[in-house]
Amino acid sequence: MPTTVLNVNGKRVSLTVDDPDTPLLYVLRNELGLHGLRFGCGLGQCGACTVHVGGSAARSCIMPLSTVTGAVITLEGLGTDAHPHPLQQAFIDEQAVQCGYCINGMIMQAADLLARKPKPSEQEVKAELDSNLCRCGTHLRILRALMRAAGG
Amino acid sequence: MKTIINRRAMLQASGRLVVTFTLPCLWAGAQATAQTKSVSIDRVDALLAVSPDGKVTVYSGKVDLGTGVRTALTQIVAEELDVPIGQIAVIEGDTALTPDQGVTSGSLSIQDGGMQLRTAAATARRAILQRAAARLQRDVSALSIRDGVITDGSGQQAPIGSVVDGATLALEIDKEAPTKPPKDYTLVGKPVQRLDIPDKVVGRFTFVQDFKLPGMLHGRVVRPPSFGGTLISYDESSIAHIPGS
């Protein structure tokens, strides 16, 4: 079985996976025990599985392991206990979680946006998160959390 | 080889799977074992335990499915027992430890489960004060609980953990036990930070999909490609390479 080397949350990991087409989601969750990212639709449509690959948000449920070339950051690696990412603190401050299943994707997608554009408008935030689905209906709080994290 | 199996046979072959919602953040010492702990819904010790260090464990048959009831149930117990929210841990849905409070559905966790907890906590509060009265040789009417500490208003104090032993809460729930008047509420009905959010925003929260138990088997629903289709047969050799198949 082929061996794959990944950089995940700043650590080099070596994996033996029988199928190179295995989605990155399963590798991270099942092989590495990283449970921040979640299986939602399995079709890249809901965003619950979002991670950063090579510095950009990516849907890990439809990303074959063989195509992963950049460093991978998951929700667990976004901040530290001592220094949470501003978005993580903002989501706590705004209580922007109902069940929390989508929140990985909301934060990871938003972190990508803020890295590209530190001061987005509300319209830009809405456009960025348009393809991240929340069934609980926490959208307005999520929007407030983003604006808070952006210092707005 | 082509084989037909039905669901019941598959479940029998795979053994009984019991999934619990017990979270790993339990207070050490506050856990009772399944052998000794009551799970009878009419008993205080089925729903509540107080350890010598004053930590309170709530055993809830209602589980938080993402609506925040863990926080709300904690508020109810904290209010009725007068202990700080941070002193309370909740174990949810572990059938060996928690009473059967029925299914978690229909927005009934607070209305039903919460009221059961409230009367249990009220019964517990009265029992704790009676025990403290005997211990401190004071009239029970002179005692109250504030922030987990029993006080007589004149300087005598005792943390609740110091007066409660294994027998104190071994009681039937008394539905007539006096509950706190809503006008005195400081936690119920007030905004409280959700207890689960910090873990959820850093990827540390255990959702039911994250459980990995020893010997756990996985099943997958394979749906028919057309409406109303039924399974006629399947090719067992197509999954022979999957471990455990």
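Me: What makes S2(B) and S3(B) a pair, and in which sense do they run?
Reply: Strand S2 (residues 56-60) of chain B and S3(B) are joined by five bridges in the parallel sense. Two strands pair if DSSP finds at least two bridges between them, so five bridges meet that rule. In S3(B), Ala89(B) is the bridge partner of Thr57(B).

Me: Before we go on, what kind of model is this, and how is it labelled?
Reply: It is a predicted model, in which local features need pLDDT of at least 70 and side-chain atom pairs count only at pLDDT 80 or more, while totals for chains, interfaces and linings use all residues. Residues are numbered from 1 along each chain as its sequence is written, and chains are lettered from A and ligands numbered from 1 in the order in which they are written.

Me: Why do strand S1 and strand S3 of chain B stand at the edges?
Reply: The sheet is open, with the order S1-S2-S3 (chain B) and mixed pairing. Strand S1 (48-50) and strand S3 (88-92) each have a single partner strand, so one side of each lacks a neighbour in the sheet. Strands here are DSSP runs of E with at least two residues, and helices are runs of H or I with at least four, numbered from the N terminus.

Me: Why is H3(B) called roughly parallel to H4(B)?
Reply: Their packing angle is about 25°, with the axes 8 Å apart. Angles run from 0 to 180 degrees between N-to-C directions, and axes are lines fitted to C-alpha atoms, for helices over the stretch in contact. Under 35 degrees counts as roughly parallel, over 145 as roughly antiparallel, 65 to 115 as roughly perpendicular and the rest as oblique, and that makes H3(B) roughly parallel to H4(B).

Me: How do you know whether Gln137(B) is buried or exposed?
Reply: A residue is buried if 20 or more other C-beta atoms, placed from the backbone, lie within 10 Å of its own, exposed if 12 or fewer, and partly exposed in between. Gln137(B) has 7 such neighbours, so it counts as exposed. Its place is the loop between helix H4 (109-136) and strand S4 (144-146) of chain B.

Me: And what makes Asn9(A) partly exposed?
Reply: Asn9(A) has 19 other C-beta atoms within 10 Å, so it is partly exposed.
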